Amino acid sequence: MTEDARSELTRPGTLRAGINLGNILLVTGTGPKGEPQGVAPDMAAAIAERLGVGVSYVTYATPGELADAVERDEWDIGLIAAEPKRAEQIAFCEPYVEIEATYLVPKDSPLQSIVDVDRPGVRIAVSDRAAYDLYLSRTLKHAELHRAQGLPGAFKLFVDEKLDALAGLVPALQENAENLPGSRVLDGRYTSVRQAIGTRPECSALNAVVAEFTAEAKASGLVAELIEKHGVTGKLQVASGA
């Protein structure tokens, strides 16, 4: 199976790993040569080692850009949140980590719970094409989504336009709250963003190797070790399920 997987790599001897720089929990820094460092790059490097090839990081500023790149054959594996819309073009393996998503609301906001947010007239800032944007686009019935590029852009839009809520990942929203006196992160979650590794659908052998590796990495404690190594304990959780 490993030999078949290697034969599916576009660049012989190299695993091209698509990395989303916009997720500051999975990419927590850069190395001496500018290469990304964090849980996601380490997972990609470990898969390359399993295959017996080198790893080359292909970086993107946002998850949407990474997802689009599958059509241009820019990466062999893409480390990005699994989401139904993306799964139309990307074959995802089981998630390896998950992150809870909720809302930040401004000082004196009447919104007290997640249920309160989905009401007519409520305006929500969100990072364009993030997994939680795609989720909210499917599930919100009344509130309006206002999109900006990336987490910093969404926070700026939320503040500048005095919007009613900011959608995002709990750890990032907690940091935003520190910069906005009186703001509150609502308890609970509207979804859990499940970060996974995907391949092009036609790369079935590579997908099988990645799926096997992911299951082993969770069961062996490797994913937990990487979470601790990169200082994101309590912010990322090992994904539940198979």
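1. Asp76 is in contact (heavy atoms within 4.5 Å) with Glu8, Leu9, Thr10, Thr14, Leu15, Arg16, Gly198, Thr199, Arg200 and Leu206, neighbours within four places in sequence being left aside. This is a predicted model, in which local features need pLDDT of at least 70 and side-chain atom pairs count only at pLDDT 80 or more, while totals for chains, interfaces and linings use all residues. Residues are numbered from 1 along each chain as its sequence is written, and side-chain values use heavy atoms, with hydrogens and water left out.

2. Asp76 lies in the loop between helix H3 (63–68) and E5; helices (H or I, at least four residues) and strands (E, at least two) are DSSP runs, numbered from the N terminus. Asp76 is buried, at a relative accessible area of 0%; buried means under 20% relative accessible area, exposed over 50%, and partly exposed in between, with a 1.4 Å probe and protein chains only. From its side chain, Asp76 reaches the backbone nitrogen of Thr10 at 3.4 Å.

3. The largest nonpolar core comprises 59 residues, and Met43, Ile77, Leu79, Tyr96, Tyr103 and Ile124 have the most contacts inside it. Helix H2 (residues 39–51) provides the largest share of this core, eight residues. A second, separate core has eleven residues, among them Ala67, Ala69, Trp75 and Ile80. A nonpolar core is here a set of buried Ala, Val, Leu, Ile, Met, Phe, Trp, Tyr and Cys residues joined through side-chain atoms within 4.5 Å.

4. Helix H7 (residues 170–178) has Val170, Pro171, Ala172, Leu173, Asn176 and Ala177 buried. These buried residues pack against strand E7 (97–105), helix H6 (150–160), strand E10 (165–169) and strand E11 (184–185).

5. Grid points are joined across faces, edges and corners, and a volume is the space filled by probe spheres set on the points. The count is three cavities of 30 Å³ or more.

6. The largest cavity holds about 50 Å³ of space. H6, E10 and H7 each supply at least two residues of its lining, and E10 gives the most, with four. The lining includes Tyr132, Phe155, Leu169 and Asn176. By class it divides into nine nonpolar, two polar and no charged residues, where Ala, Val, Leu, Ile, Met, Phe, Trp, Tyr, Cys and Pro count as nonpolar, Asp, Glu, Lys and Arg as charged, and the others, Gly among them, as polar.

7. The second largest cavity has a volume of about 40 Å³. Strand E1 (14–20) and strand E5 (77–81) are the elements giving two or more residues to its lining, with the largest share, three residues, from E1.

8. The largest pocket contains about 340 Å³ of space. Of its 24 lining residues, Asn20, Gly22, Asn23, Tyr132 and Leu151 are the closest to the centre. E5, helix H5 (131–139), H6, H7 and strand E12 (191–199) give two or more residues each to this lining, whose residues divide into 14 nonpolar, eight polar and two charged.

Notes: 1 Å grid on protein atoms, 1.4 Å probe; cavity = no way out; pocket = protein on both sides within 12 Å on 5 of 7 lines; lining within 4 Å. Polar contact = N/O pair within 3.5 Å; in protein donor to acceptor, adjacent residues only side chain to side chain.
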